[in-house]
Amino acid sequence: MKNKIIFIILTLVLYYFNFLGRANGLFVNFVLIGIINFIFTYYLLKINPFKKMGLFLIFFPFLLLTFTICYGLYMKLTMPGILDYIMYLFSTSFGVLIYKSLNKKTIIILYTIVYLLLVYNYSNLMELYYSTKEQNINVNKFVPILNLEDKNGNKVIIKNENKILVIDLWSLSCGNCIKSFPKFEKVKNDFKNDNDIEFISINIYQSKDEIEKSEKIINNYTFKNFYSDKSLFNTLNFNSVPNYMIIGKDNRIKYFGHLNVESYENINNIYKLIENEK
């Protein structure tokens with residue numbers, strides 16, 4: 001009876017992280033899935049009191065997640081959770097392997113090494129996925145005219161003037177946008193002695209009532225800030241914020257995507273992208 005209760009509880013925990021855990025954040029869930037599926041799969045197989053039904057319950061996430069991923073791929077949907085699925089396959093497979101293996105120590109060491117490499121490269125894996133899945137169609141094209149305004153409502157037209165432009169696209173309702181301002185400010189400060197680079201942000205507002213609130217936030221930073229209505233989404237062919245754009249000296253859009261600034265973020269690292277344009 002005790003094993004049955006433990007089995008049911010652990011299975012429910014397993015289901016939570018595999019089906020609902022994204023509410024904790026993609027990266028956090030990615031890390032936890034790798035730990036929980038590896039340990040729980042092994043232990044559930046070891047104590048399985050329900051025989052064939054128990055095996056079905058243990059591997060039910062595989063059936064449902066595989067169907068979901070295959071459906072998403074067929075429908076060409078954007079699925080940031082695909083990395084969780086990869087981690088699920090990896091950790092569950094090793095959970096089965098350690099259950100079957102006589103040399104459990106070797107399996108644990110091997111799993112730990114690969115698991116840590118996956119966690120360390122999470123940002124690179126996610127960026128690789130997005131860079132192949134959601135390449136902005138304007139990349140390598142001449143930047144369209146951006147009709148913006150300043151905080152006082154004066155019209156502003158962004159001109160390249162033989163400079164590299166690094167642009168932060170954000171909105172007031174986007175918490176991640178605001179949290180990323182210190183990173184964007186740091187990149188700007190790291191290039192403060194380079195007159196060939198200019199950093200600006202563009203706030204995309206729902207209504208002009210947001211401008212005053214936005215100014216209170218943006219005043220804490222030194223990069224220039226301008227405003228646009230939602231028509232900018234159509235102008236630049238994107239639909240979500242935060243997004244970051246690099247315009248080269250030739251007035252072509254060279255990059256459109258995430259703000260990757262850490263040393264371990266090798267794919268589309270903002271520093272490297274800027275240096276490539278100098």
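The protein chain in this predicted model has a secondary structure of eleven helices and seven strands. Its radius of gyration is 24 Å, well over the 19 Å that the globule rule gives for 278 residues, so the chain is more spread out than a compact globule. The C-alpha trace spans about 75 × 40 × 35 Å along its principal axes. Of the 278 residues, 44% count as buried. Among contacts between residues at least 6 apart in sequence, 71% join residues at least 24 apart.

Helix α8 shows how one helix is placed among other elements. Its buried residues are F181, F184, E185, V187 and K188. These residues cover an arc of only 160° around the axis, which puts them on the same side of α8. An α-helix has 3.6 residues a turn, so residues three or four places apart point the same way. The buried residues of α8 pack against the strands β3 (164–170), β4 (197–204) and β6 (243–247). They also pack against the helices α7 (175–179), α9 and α11.

Aromatic rings come next. A pair of aromatic rings is described by the distance of the centres and the angle of the planes. The count for this model comes to 26 aromatic pairs. In one of them, the rings of F90 and F94 have their centres 5.0 Å apart and their planes at 55°, so the pair is tilted. Where do these two residues lie? F90 and F94 are in helix α4 (residues 82–100), and because they are four residues apart there, about one helical turn separates them. Both F90 and F94 are buried.

A second pair is formed by F181 and F223, with ring centres 5.8 Å apart and planes at 55°, so this pair is tilted too. The pair links distant parts of the chain, 42 residues apart. F181 belongs to helix α8 (residues 181–190), while F223 is in the loop between α9 (210–218) and β5 (224–228). Are F181 and F223 buried or exposed? F181 has a relative accessibility of 0% and therefore counts as buried. F223 counts as buried as well, because its relative accessibility is 4%, below the limit of 20%. Ring pairs link F181 and F223 into a cluster with W170, F184, F191, F199, Y221, Y244 and Y271.

The charged end of R252 sits over the ring of F142, 4.0 Å from its centre.

N243 lies in strand β6. With a relative accessible area of 11%, N243 is buried. Which backbone oxygen does the side chain of N243 reach? The side chain of N243 reaches the backbone oxygen of S240 at 2.8 Å. Leaving out residues up to four places away in sequence, N243 touches I167, D168, L169, F238, F256 and G257.

The other asparagine, N269, lies in the loop between β7 (253–257) and α11 (270–277). N269 counts as buried, because its relative accessibility is 5%. Its side chain reaches the backbone oxygen of E265 at 2.9 Å. A polar atom of the side chain of N269 also lies 3.0 Å from the backbone oxygen of E262. Apart from residues up to four places away in sequence, N269 touches N260, V261 and E262.

Some points in the backbone deserve a look of their own. Most residues other than glycine have a negative phi, and most peptide bonds are trans. The peptide bond from V241 to P242 is cis, with omega near 0°. P242 lies in the loop between α10 (231–236) and β6.

What is the phi of K51? K51 has a positive phi of about 55°, although it is not a glycine. This residue is found in helix α3 (residues 51–74). K51 counts as exposed because its relative accessibility is 61%, over the 50% limit. N140 has a positive phi of about 80°, and N140 is not a glycine either. N140 is found in the loop between α6 (122–133) and β1 (147–149).

Definitions and conventions
Residues are numbered from 1 along each chain as its sequence is written. This is a predicted model: local features need pLDDT of at least 70, side-chain atom pairs count only at pLDDT 80 or more; totals for chains, interfaces and linings use all residues. Side-chain values use heavy atoms; hydrogens and water are left out. Helices (H or I, at least four residues) and strands (E, at least two) are DSSP runs, numbered from the N terminus. Buried means under 20% relative accessible area, exposed over 50%, partly exposed in between (1.4 Å probe, protein chains only). A polar contact is a pair of N or O atoms within 3.5 Å; within protein, one must be able to donate a hydrogen and the other to accept it, and residues adjacent in sequence count only if both atoms are side-chain atoms. Contact means heavy atoms within 4.5 Å. Rings of Phe, Tyr and Trp (its six-membered ring) pair if their centres lie within 6.5 Å; planes under 30 degrees apart count as stacked, over 60 as edge-to-face and the rest as tilted. A charge sits over a ring if NZ of Lys or CZ of Arg is within 6 Å of the ring centre and within 35 degrees of the ring normal. The arc is that of the directions from the helix axis to the C-beta atoms. The radius of gyration is taken over C-alpha atoms; the globule rule is 2.2 Å times the number of residues to the power 0.38.
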